[in-house]
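Let's take a walk through a protein structure together, one piece at a time. Keep the picture open while you read, and look for each part as it comes up.

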Amino acid sequence: MTEIQAGPGAAASAAPGSQQTPAIELDNVVKEYTSHGEVVRAVKGVSLAITEGEFFSLLGPSGCGKTTSMRMIAGFEDPTQGVVRLHGQDVTSVAPNKRDVNMVFQSYALFPHMSVWENVAFGLKRKKVESAEIQRRVGEILEVVDLTGREKRRPREMSGGQQQRVALARALVNRPRALLLDEPLGALDLKLRQAMQIELKRIQRDVGITFVYVTHDQGEALTMSDRIAVMNDGLVDQLAAPREIYERPATKFVAGFIGTSNLLSGSVDKVNGSTAVLALGPSDRILAPVEESVSVGETLELTVRPEKITISTGQPEGDLSVVQGTVSEVVYLGTSNSYAVVLADGAEITVFQQNAHDSTITAERGDTVWLSWQPQHSYVLR
Amino acid sequence: MRTLRARLTPYALIFPGGLWLAIFFVVPTVVMLSLSLQSGNVVDGFAFTFNWHSYVDGVTTYHDQIVRSLLYGLAATVIQIVIGFPVAYWIAFKGANRKSVYLFLVLLPFLVSFVLRTISWQYLLSDNGILLGPLRDAGLLPQDFRILATPAAVIGGLSYNFLPFMILPMYVALERIDPRLLEAAQDLYASRVQTFLRVVLPLSLPGVFAGVLMTFVPASSDYVNASVLGGTNTTMIGNVIQNQYLINQDYPIAAAMSFTLMAVLLVGIFAYARALGTEDVLEVAAR
């Protein structure tokens, strides 16, 4: 088997204050292009530190600067400003062929005139590794990606999933300090993509190499990553573990981009210790935990995930956020029902209800319903 | 009914072109082949006699011209690869959104007639012309220096006249190379030179192959360049054929020489294709 380095403990050591030198560091990196005489700022000052052995994702919509950031790590783009470090060493002006990172390209970029074996051996040959060693390592990595016996095939004779694994093997065989993956699953169909997500995670654990994964697919990022940097408009909006990003989105953009979320706003009516009470309609109240001192009368924006909300026809009891509304849409989703509920102030709230016990629905279109959720599930946006 | 029509469609599509080739290529070829085996003269007329002597006499007499034609064609082809490849490469990879402008510039000389272009070269290279005159006057060249009527002039003219036929197929092959492949090679520790030799060159070889075919064949059988730019020592087989046909009116020997040239070129092309077949070329380059 291939050597196992950092391993599963890597995620824990990603916590701030870790003594380890980061595998990859971007220090206030800016990238500007000139296009038709206009300066376009693709990356507007990104700083991040990726820990050795970590599965790190750069997540964001197209044009957010995630691919440009990755290409600066690989060396294909020169930053306009800032420093790129690999294991503490400044590589900002080092050519890509002199950097100890390898990339898996979006379209795989396999050499069409070479067999699978020749594609995978390409990097080792350029590094002048001796041929017995090349034979051994190529054989080994093809086993890891489950392509043994297909060494003589040409890329065009293989399926998308197989090509994807050749691209992965071609990069991994060099045992780079970090592997950069640019939307590598984008061209695959859903079933294969899900299988490859698990496969990638397994390979990453087996080889213990730092993975930097660029994607616009939030599900992919949440499934695989130890940490995620959510990028928007050339900046990192939030850098945290998947659970943190989902449960406690830092900005309105993150809340909207990751999963479905309901945005609510209201003015503070009362503050009881660390809980603020917001008033909406006459019989509505929203309880939200607040950290900093909030004053009465201030308007707060908050988000609630659809699956945290309970829908009922009677008024719920207890210390809950409670709002009343009218059902405007009921969608049967198989494992769950989705309700759209319009509140008194016109805001639309989405609610997911699991089909756990019986599949009867709680309310029909036009019914007046109560929505309730635990105070800690109101998440105040800064 | 519909299936019959569907089955006839491919034939309907090939019919006009097929007929055209049958009339204007196959028929004259057969006529010339027959002519090459006839004997006689213009005054008494020619008769079909299976006279192989035209071939034997032609090859014996014009052996030098045949070899010279192949050498000139080869030299011109090599020069065109050396000049044309960087141009094709530059347009394909650095041409950005002006690619069609640059390709048009490559083709621009073709808007001028082939003969006229060659004559303008003659003017340019003539002993007291605008190029050599001043250089000789300035003492930069010896008094007896000349280019016109030398092999250099003929090969130069051939290289110039067929250059676009070399550049275009090479451009097409290079343009199809995904720039990400170059990045991938660099990412896998290849230097610029290695990236070129291992990735760009092997993937462009089909274009080079096509370019060689499209330039070597017309250059070897050309007669305009040798007659306009050459002298008595640079006669090519094309000139011999032209002379025999139009001036000496010895049709059998002209026809025999045409077929000899055709046979030599065909053998050469097949040998070349066998030795450097596209697929095999790629196999070798991948090692």
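Which residue is the bridge partner of A:Ile311 in β19(A)? To find out, look at two strands of chain A: β15, covering residues 310-312, and β19, covering residues 368-373. They pair in the antiparallel sense over three bridges, and the partner of A:Ile311 turns out to be A:Leu371. Strand β19(A) also pairs with β16 (residues 321-332) of chain A, again in the antiparallel sense, this time over six bridges. As a general point, strands in a sheet pair through backbone hydrogen bonds, and they can do so in a parallel or an antiparallel way.

Before going further, keep in mind that this is a predicted model. For chain A the mean pLDDT is 87, and 93% of the residues reach 70 or more. One stretch to read with care is residues 1-18 of chain A, where pLDDT stays under 50. The model has 29 contacts beyond four places in sequence for that stretch.

Now step back and look at how chain A is divided. Domain 1 takes in residues 7-100 together with 176-256, while domain 2 runs over 260-381. Their C-alpha centres lie 34 Å apart. Where these two domains of chain A touch, six residues come from domain 1 and six from domain 2. On the domain 1 side of this contact in chain A, two residues are nonpolar, two are polar and two are charged. An unreviewed UniProt entry lists "domain: ABC transporter" at residues 24-258 of chain A. That span is 36% helix and 28% strand, with its end C-alpha atoms 25 Å apart.

Let's look at the sheets of chain A next. One is an open sheet of four strands, in the order β2-β1-β4-β5, and its pairing is antiparallel. Why is one side of β2 and of β5 in chain A left without a neighbour in the sheet? These two strands, β2 (38-50) and β5 (89-90), stand at the edges and each has a single partner strand, so one side of each has no neighbour there. Strand β1 (residues 24-35) of chain A pairs with β2(A) over 10 bridges, in the antiparallel sense, and A:Ser35 stands opposite A:Glu38 in β2(A). Helix α1 of chain A, residues 66-74, packs on this sheet and touches β1, β2 and β4 (81-86) of chain A. The direction of α1(A) makes about 115 degrees with that of β1(A).

Another open sheet in chain A has six strands, ordered β6-β7-β8-β3-β9-β10, with mixed pairing. At its edges are β6 (101-104) and β10 (235-240) of chain A, each pairing on one side only. From one strand to the next, the twist averages 20 degrees. You can follow both senses of pairing here. Strands β6(A) and β7 (residues 178-182) of chain A are parallel partners over four bridges, and A:Asn102 has A:Leu179 of β7(A) as its bridge partner. Helix α4 (residues 160-172) of chain A lies across β6 and β7 of chain A, and runs at about 175 degrees to β6(A).

The hairpin of β9(A) and β10(A) has two residues between the strands, and A:Asp233 takes a positive phi near 55 degrees.

Finally, turn to chain B. How many residues does chain B give to the contact with chain A? Chain B gives 18 residues, and chain A gives 17. On the chain B side, the elements that give two or more residues are α8 (179-187), α9 (192-220) and α13 (278-286) of chain B. Helix α8(B) gives the most, with six residues. By class, the chain B side of the contact with chain A has 11 nonpolar, three polar and four charged residues.

The unreviewed UniProt entry for chain B places the feature "transmembrane region" at several spans, including residues 145-174 and 195-217. Residues 145-174 of chain B are 80% helix and 0% strand, and the end C-alpha atoms are 40 Å apart. Residues 195-217 of chain B are 100% helix and 0% strand, with end C-alpha atoms 32 Å apart.

Terms used: Residues numbered from 1 in each chain as written. Chains lettered and ligands numbered in written order. Predicted model: local features only at pLDDT ≥ 70, side-chain atom pairs only at ≥ 80, totals over all residues. UniProt positions renumbered as here; feature names shortened; annotations may be inferred. Domains from an automatic or database assignment. Contact = placed C-beta atoms within 7 Å. Nonpolar A, V, L, I, M, F, W, Y, C, P; charged D, E, K, R; others polar. pLDDT = per-residue confidence, 0-100. Pairing = 2+ DSSP bridges. Axes fitted to C-alpha atoms, helices over the stretch in contact; angles between N-to-C directions.
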